Amino acid sequence: MSNSDDRQIGRDSMFLLADLRIDGVPGEQRVRVRNLSSSGVMAEGVECAMRGQVAWVNLRNLGWTKGAIAWVRNGRCGITFDAAIDPRMARSPLAVGEGTPRFVRPPLPQDEVALLRKI
């Protein structure tokens, strides 16, 4: 695919936090996802990245996704994924589960509120 073909793929502008691992750089970096498509991501807040390095991005509801750094400019970088993803999954809300903090969970239904004990 040429660079002009890459620009034709639909992207969603957004603001999500993600973790980034770069091959050859120790540890993980917390980055802001500025836009996301099925073939790649633009991340902001990237340090120590060079074009061509292998990278892994931990996207919400998708997990670690492998790709390569396509460009780096002013603390931002573009990462092209090795395999296509469904970008709608990253936008969908997190599932409520046992590990979900109370302040993120939806409120109790009214029938359960009646069962609460008053102190």
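This is a predicted model: local features need pLDDT of at least 70, side-chain atom pairs count only at pLDDT 80 or more; totals for chains, interfaces and linings use all residues.
Author: Residues are numbered from 1 along each chain as its sequence is written, and side-chain values use heavy atoms, with hydrogens and water left out.

Reader: What makes the contact between Asp 19 and Arg 30 a salt bridge?

Author: A salt bridge is a side-chain nitrogen of Lys or Arg within 4 Å of a carboxyl oxygen of Asp or Glu, and the N to O distance between the side chains of Asp 19 and Arg 30 is 3.1 Å, so the pair qualifies. Asp 19 lies in strand β1 (residues 12-22) and Arg 30 in strand β2 (residues 29-36), so the pair ties together parts eleven residues apart in sequence.

Reader: Why is Arg 30 called exposed?

Author: Buried means under 20% relative accessible area, exposed over 50%, and partly exposed in between (1.4 Å probe, protein chains only); because Arg 30 has 51% relative accessibility, Arg 30 counts as exposed.

Reader: How do you know that the charged end of Arg 21 sits over the ring of Trp 64?

Author: The definition asks that NZ of Lys or CZ of Arg be within 6 Å of the ring centre and within 35 degrees of the ring normal; the charged end of Arg 21 is 3.8 Å from the centre of the Trp 64 ring, and sits over that ring.

Methods
Helices (H or I, at least four residues) and strands (E, at least two) are DSSP runs, numbered from the N terminus.
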